[in-house]
Amino acid sequence: MNNFSLEDLERMIAERAAGGDPASYTAKLVGRGLPKCTQKLGEEAVETVIAALSGDRTEITKEAADLLYHLLVVLMVTGVPLADVLAELESRTVRTGLEEKAARKPV
Ligand SMILES: N=c1c2ncn([C@@H]3O[C@H](COP(=O)(O)OP(=O)(O)OP(=O)(O)O)[C@@H](O)[C@H]3O)c2ncn1[C@@H]1O[C@H](COP(=O)(O)O)[C@@H](O)[C@H]1O
């Protein structure tokens, strides 16, 4: 399983969403629109936090997998390729996180 990548999952999500198979969770979720997809992303984020605080590594692993899957769904629905997120992360590697934070424009 070590060859499986987030890019593979991103591709699978796009295929399932486009296919519209009624047996596909992805197609069903995407069909319910962005607000539902983002609601699920938020729920999985909270469940990952709860798992992390419990210290149960099996639960953390499962919740983190749910979180990454739902993040990829939201990226797909909003039209942001995973490659853009990875490029953003790569661009940040030239400086520390605290330097990057200081350089951000105030909101
Ligand atoms: N990685 C995942 C994955 N992770 C989590 N989930 C689904 O996310 C859902 C989260 O569970 P919840 O109980 O929170 O959600 P729910 O109760 O079903 O939804 P709501 O009632 O809240 O709307 C579960 O139904 C999980 O099956 C996933 N569904 C699909 N994938 C991948 O996507 C591929 C395609 O799946 P289908 O689209 O179903 O063909 C699969 O082969 C997997 O590789």
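Guide: A place to start is E100, which lies in helix 6 (residues 97-103); helices here are DSSP runs of H or I with at least four residues, and strands are runs of E with at least two, numbered from the N terminus. This is a predicted model, where local features need pLDDT of at least 70, side-chain atom pairs count only at pLDDT 80 or more, and totals for chains, interfaces and linings use all residues. Residues are numbered from 1 along each chain as its sequence is written.

Visitor: Why does E100 count as partly exposed?
Guide: Because E100 has 13 C-beta neighbours inside 10 Å. A residue is buried with 20 or more other C-beta atoms within 10 Å of its own, exposed with 12 or fewer, and partly exposed in between, with C-beta atoms placed from the backbone.

Visitor: And which residues is E100 in contact with, leaving aside neighbours within four places in sequence?
Guide: R92 and R95. Contact is counted when C-beta atoms, placed from the backbone, lie within 7 Å.

Visitor: How far apart are the C-alpha atoms of E100 and A27?
Guide: They are separated by 37 Å, with the two residues 73 apart along the chain.

Visitor: A27, then. What surrounds the ligand?
Guide: A27 is part of that shell, together with M12, R16, S24, Y25, T26, A65, D66 and Y69. Helix 1 (6-19), helix 2 (25-31) and helix 4 each give two or more residues to the shell.

Visitor: What comes after helix 1?
Guide: G20, with a positive phi near 65°.

Visitor: Switching topic: which residues make up the largest nonpolar core?
Guide: Six residues: I13, V30, C37, L72, V73 and M76. Helix 4 (residues 57-78) gives the most, with three. Such a core is a set of buried Ala, Val, Leu, Ile, Met, Phe, Trp, Tyr and Cys residues joined through C-beta atoms within 7 Å.

Visitor: What does V73 touch, not counting residues up to four places away in sequence?
Guide: V73 touches I13, T26, L29, V30 and C37. T26 also belongs to the shell around the ligand.

Visitor: Last one: how many helices and strands are in the protein chain?
Guide: Six helices and zero strands. Of its 107 residues, 11% count as buried, and the C-alpha atoms fill a box of roughly 45 × 35 × 35 Å, taken along the principal axes.

Note on methods. Two residues are in contact if their C-beta atoms, placed from the backbone, lie within 7 Å. A residue is near a molecule or strand if its C-beta atom, placed from the backbone, lies within 6 Å of it.
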